[in-house]
Amino acid sequence: METEIASAAAGADFSLWALFESADLIVKIVMGILVLASVWSWAVIIDKSLTFGRIKSKSSKFEDQFWSGKPLDDLYRKTRDRADHPMARVFTAAMDEWSKSKNTGRTDALVIGARDRIDKILNVSVSRELEKAEANLGVLATVGSAAPFVGLLGTVWGIMNAFTAIGVTQDTNLAVVAPGIAEALFATALGLLAAIPAVVGYNRYSSALNSFAVRLQGFADEFSTILSSQLDERSR
């Protein structure tokens with residue numbers, strides 16, 4: 001008996017493609033969804049890796065220029081038409097309003113109004129840039145939380161089919177049960193393969209986003225203080 005089971009098991013094809021081909025339609029759909037989710041999450045992970053790396057590098061260079069002691073107007077003219085990262089866009093948005101406010105007058109009311117407008121523009125710009133940087137992180141969160149359960153659905157369905165095959169054939173031979181169970185477990189494996197990188201990527205880039213948010217907000221606050229000081233000097 002053991003020889004027959006071993007012979008039947010040896011004759012079965014348990015390669016990944018064979019498991020997919022022999023799977024039930026529902027299990028195939030589940031596997032297809034998980035593969036697409038995995039590809040999508042990896043695309044987001046690669047994109048975020050490149051995006052945050054580029055933002056970090058360009059922001060560091062910009063801050064060096066900002067704190068170099070050179071006139072802000074010179075930096076504004078240099079970056080106005082080619083602001084290609086969040087910090088530069090926040091800077092140019094505030095400088096646009098600053099340029100308009102320089103010639104509005106010198107009364108206290110006008111100075112306070114200009115300061116409020118600059119602060120609002122800085123806050124809106126920071127929020128907008130962080131929203132852009134956060135784009136598609138929700139995909140990683142969704143894949144990371146949902147993929148194991150989608151895989152579990154395929155597993156449950158595959159095991160149901162395996163037990164149905166036992167009931168139809170009235171045969172509990174391992175050779176009858178093994179292929180269905182293998183297909184079911186393959187769906188679970190795909191769910192985990194999709195979920196694990198997505199969870200790791202989400203945690204990593206959420207942390208990177210929070211770190212950059214603190215950095216960008218700090219820059220905006222310092223820049224607002226500088227412009228407020230210059231407005232106060234002009235009002236005297």
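This is a predicted model: local features need pLDDT of at least 70, side-chain atom pairs count only at pLDDT 80 or more; totals for chains, interfaces and linings use all residues.
Me: Which element has the lowest mean pLDDT, and which the highest?
Reply: Helix α1 (residues 2-11) has the lowest, at 44. Helix α3 has the highest, at 92. Over residues 1-11 the pLDDT is below 50. Beyond near neighbours in sequence, that stretch has five contacts in the model.

Me: How much of the protein counts as buried?
Reply: Of the 236 residues, 36% do. The protein exposes about 13500 Å², and carbon and sulfur atoms supply 61% of that area. Among contacts with a separation of 6 or more, 82% join residues 24 or more positions apart.

Me: Why is the pair Asp74 and Arg77 called a salt bridge?
Reply: The cut-off is 4 Å between a side-chain nitrogen of Lys or Arg and a carboxyl oxygen of Asp or Glu. The N to O distance for Asp74 and Arg77 is 2.3 Å. The pair therefore meets the rule. Both residues lie in helix α4 (residues 72-79), three residues apart, about one turn of the helix.

Me: Is Asp74 buried, exposed or partly exposed, and what makes it so?
Reply: Buried means under 20% relative accessible area, and exposed means over 50%. Asp74 has 36% relative accessibility, so Asp74 counts as partly exposed.

Me: What makes Glu97 and Arg117 a salt bridge?
Reply: Their side chains meet at 2.8 Å, N to O. The limit is 4 Å, so the pair counts. Glu97 lies in helix α5 (residues 86-101) and Arg117 in helix α6 (residues 108-134), so the pair ties together parts that are 20 residues apart in sequence.

Me: Which of these two partners is buried, Glu97 or Arg117?
Reply: Glu97 is buried, because its relative accessibility is 11%, against a limit of 20%. Arg117 has a relative accessible area of 36%, so Arg117 is partly exposed.

Me: How do you know that Lys132 forms a salt bridge with Glu129?
Reply: Their closest N and O atoms are 3.9 Å apart. That is within 4 Å, so the pair passes. Lys132 and Glu129 both lie in helix α6, three residues apart, about one turn of the helix.

Me: Why is Glu129 called buried and Lys132 partly exposed?
Reply: Glu129 has a relative accessible area of 5%, so Glu129 is buried. Lys132 has 48% relative accessibility, so Lys132 counts as partly exposed. The band for partly exposed lies between buried, under 20%, and exposed, over 50%.

Me: Which residues are linked in a network of salt bridges?
Reply: Arg89, Glu129 and Lys132 are linked in one. By the same rule, the count comes to six salt bridges.

Me: Why is Lys48 not given a salt bridge?
Reply: Asp47 carries the nearest side chain of opposite charge, 4.5 Å away. The rule asks for a distance within 4 Å, so Lys48 has no salt bridge.

Me: Where is Lys48, and what does it touch?
Reply: Lys48 sits in helix α3 (residues 25-66). Not counting residues up to four places away in sequence, Lys48 touches Lys132, Ala133, Glu134, Ala135, Leu137 and Tyr205.

Key: Residues are numbered from 1 along each chain as its sequence is written. Side-chain values use heavy atoms; hydrogens and water are left out. Helices (H or I, at least four residues) and strands (E, at least two) are DSSP runs, numbered from the N terminus. Buried means under 20% relative accessible area, exposed over 50%, partly exposed in between (1.4 Å probe, protein chains only). Lys and Arg count as positive and Asp and Glu as negative; His and the chain ends are not counted. Contact means heavy atoms within 4.5 Å. Accessible areas come from the Shrake-Rupley method with a 1.4 Å probe; for residues, only the protein chains shown count as cover. pLDDT is the predictor's confidence in each residue, from 0 to 100.
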